[in-house]
Structures are given as C-alpha cells and as structure tokens.
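Please examine the sequence and the structure shown below. The paragraphs that follow lead from the relation of residues within a chain to the relation between chains.

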There are 2 protein chains.
Amino acid sequence: MPVIPESHLDLLTRPLFAHLATVRPDGMPQSNPMWVRWDGELLWFTTTTTRRKFRNLSGEPRVAVSINDPEQPYRYLELRGTVERIEPDPRCHLFTELADRYGRELGGALPGDAPHRIAVAVRPVRVTFQ
Amino acid sequence: MPVIPESHLDLLTRPLFAHLATVRPDGMPQSNPMWVRWDGELLWFTTTTTRRKFRNLSGEPRVAVSINDPEQPYRYLELRGTVERIEPDPRCHLFTELADRYGRELGGALPGDAPHRIAVAVRPVRVTFQ
C-alpha cells in the first residue's frame with residue numbers, strides 16, 4: 001500500500017478541498033470539489049445515494065483525487081484508488097464532522113438529504129506528489 | 001453551447017489551478033492540477049506529448065474540469081467537454097503566457113520539454129456551478 005509522504009500529509013489534514021474524479025457510465029469523466037477525511041489508511045467522503053457521483057462510483061469504483069496547496073500551488077498530491085467501503089450515514093456523523101472541520105455552519109439541523117447520506121472510503125493504490 | 005455564467009467567469013480568468021479529470025486507457029480516472037486559459041469559447045491547457053494525460057485524452061477526448069475559489073471555497077465551477085484542438089507548441093507560446101500569468105519564473109529559458117509541448121483546447125459541453 002502506498003504511503004502518503006510526511007512532507008505532503010498536511011494536504012490531507014488541513015481543511016482543503018479535494019477534487020474527486022469519477023467516471024460516468026458512458027465513460028465520460030466528472031470532477032467535483034469534496035470535503036475529505038484521512039484516517040491514516042482510507043480517504044473518506046460524504047455524499048448521498050441520490051447524486052450522480054454515487055452512481056458513477058457504483059459502476060466504476062476506481063477514482064482519482066488531486067489536492068493542491070492554495071498558499072503554495074505547486075505543492076500538490078494526487079491519489080488514485082478504489083472505493084473500499086460505502087456506509088449509510090443517515091445520522092450524518094461524517095457529514096457533521098466534516099462540516100465542522102470545513103467551517104460550514106449547520107445551525108444544529110441535519111441536512112434535508114440526511115436519509116440518503118453515505119460515507120465513502122477510498123483506499124489509495126497510487127500516490128504522486130510535487 | 002453552454003455559457004459560463006458571468007458570476008463565475010472570474011474562476012477562469014484569475015490564475016487559479018483547474019483540476020483536470022481524464023480517463024486512462026484501462027478506464028481508471030486521473031486528476032491533475034493545471035494552468036488554464038479561457039479564450040471565451042475554449043479552455044486551453046499546456047502539456048507535452050510525453051505525459052500520461054496526453055495519452056489519456058488521445059484515447060478518450062472527453063474531460064472534466066473543476067475549479068474552486070480558494071477565498072470562498074463553496075464557489076466552484078465544473079465543466080465537462082471534449083478536446084477540440086491539439087496544437088504543437090515547441091516555441092512554448094502558451095506555456096510562456098501561462099507561466100507568466102501564474103507567476104512562475106522561467107528566467108528567459110524554454111523548458112527542457114519544449115520540443116514536446118502542445119496546446120490543448122477543450123470545448124465545454126456542460127457547465128455546473130455553485
């Protein structure tokens with residue numbers, strides 16, 4: 001399993017947006033800015049089962065992610081990997097944790113799409129960085 | 001042809017990194033931070049014929065791009081489109097223009113990969129934004 005280099009780990013632990021590339025059923029790619037959580041082994045995203053990107057990764061579980069440092073934009077990290085876990089998250093545990101970390105005010109309410117919330121974990125198989 | 005909304009045009013004209021999703025020959029996606037130039041109709045990238053992303057888009061010319069605003073990260077723009085033009089750029093006209101715009105010092109020298117430089121233009125077919 002590839003190791004995230006110590007020098008670039010901050011790109012996963014600071015509240016930076018990761019750009020998630022998925023492949024649509026017709027073979028066309030899609031790119032979405034996402035909140036992420038790195039647990040030391042897997043990269044977690046929150047989404048819902050009603051979104052296109054969920055349909056994409058249900059058909060093609062291989063994804064790619066790139067993150068660059070807004071303060072030093074030539075520092076970046078790219079991961080390619082495979083979706084390893086998809087867990088229902090109707091209580092929005094991951095969503096709430098990420099909203100808090102990324103500074104989005106929820107005002108104590110769960111989002112309207114809570115029943116469809118899922119937590120998706122990607123295991124990196126290839127890491128590149130600069 | 002989709003129109004870039006006036007409200008989000010700055011995301012293409014400020015020197016922000018765009019995350020380019022391409023699809024590899026084996027169907028796996030790839031994501032790379034890129035410099036871009038928007039000419040009002042086409043989105044231009046500089047790359048080389050020796051890079052993986054060139055091989056990817058030679059096989060699958062459909063790509064996706066996402067750009068978010070580092071100062072207001074919930075503002076973002078996503079484009080999906082098709083590579084319409086690939087032009088040799090051994091004199092590095094586009095590369096030099098982008099290097100200048102993105103504040104990279106070239107010190108008057110062309111990069112070592114100049115003979116392989118190309119300018120790639122993508123025509124958006126779908127635009128989403130928030």
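Two residues are in contact, or touch, when heavy atoms of theirs lie within 4.5 Å. The model is predicted: local features need pLDDT of at least 70, side-chain atom pairs count only at pLDDT 80 or more, and totals for chains, interfaces and linings use all residues. Residues are numbered from 1 along each chain as its sequence is written, chains are lettered from A and ligands numbered from 1 in the order in which they are written, and side-chain values use heavy atoms, with hydrogens and water left out.

Leaving aside residues up to four places away in sequence, B:Asp10 touches B:Asp69 and B:Arg75. B:Asp10 and B:Asp69 are 59 residues apart along the chain, and their C-alpha atoms are separated by 9.1 Å. B:Asp10 belongs to helix H1 (residues 10-13) of chain B; helices (H or I, at least four residues) and strands (E, at least two) are DSSP runs, numbered from the N terminus. Its relative accessible area is 22%, so B:Asp10 is partly exposed. On this scale buried means under 20% relative accessible area, exposed over 50%, and partly exposed in between, with a 1.4 Å probe and protein chains only.

A:Leu57 is found in helix H2 (residues 52-59) of chain A. Is A:Leu57 buried or exposed? A:Leu57 is buried, because its relative accessible area is 6%. Residues up to four places away in sequence not being counted, A:Leu57 touches A:Val83, A:Ile86 and A:Val120.

Charged side chains come next. A salt bridge is a side-chain nitrogen of Lys or Arg within 4 Å of a carboxyl oxygen of Asp or Glu. Over all chains, a search of the whole structure finds 26 salt bridges. In chain A, A:Glu87 and A:Arg85 form a salt bridge whose closest N and O atoms are 2.7 Å apart. A:Glu87 has a relative accessible area of 29% and is therefore partly exposed; A:Arg85, at 37%, is also partly exposed. In chain B, B:Glu71 forms a salt bridge with B:Arg14, with the closest N and O atoms 3.7 Å apart. This pair links distant parts of the chain, 57 residues apart: B:Glu71 is in the loop between S5 and S6 of chain B, and B:Arg14 is in the loop between H1 and S1 of chain B. B:Glu71 counts as exposed because its relative accessibility is 66%, whereas B:Arg14, at 23%, counts as partly exposed. In chain A, a network of salt bridges links A:Asp10, A:Arg14, A:Asp69, A:Glu71 and A:Arg75.

How are the two chains related? A rotation of 180 degrees with 0.0 Å of shift along its axis superposes chain B on chain A, with an RMSD of 0.0 Å. The two copies are therefore related as by a two-fold rotation axis. In chain B, the C-alpha nearest the axis is that of B:Ala21, 2.8 Å from it. The superposition is by least squares on the C-alpha atoms of residues with pLDDT of at least 70 in both copies.

The interface itself takes 33 residues from chain B and 34 residues from chain A. The size of an interface is often given as the accessible area lost when the parts come together. Chain B and chain A bury about 2700 Å² between them, 58% of it on carbon and sulfur atoms; this buried area is the accessible area (1.4 Å probe) that two parts lose on being put together, summed over both. B:Met28, B:Pro29 and B:Tyr74 supply 22% of the area that chain B buries against chain A, more than any other three residues.

Across this interface the rule finds two salt bridges. One of them joins A:Arg62 to B:Asp26, the closest N and O atoms being 3.8 Å apart. A:Asp26 and B:Arg62 also meet through their side chains in a salt bridge (3.8 Å, N to O). That pair crosses between chains, from A:Asp26 in the loop between strand S1 (18-23) and strand S2 (29-34) of chain A to B:Arg62 in strand S5 of chain B.
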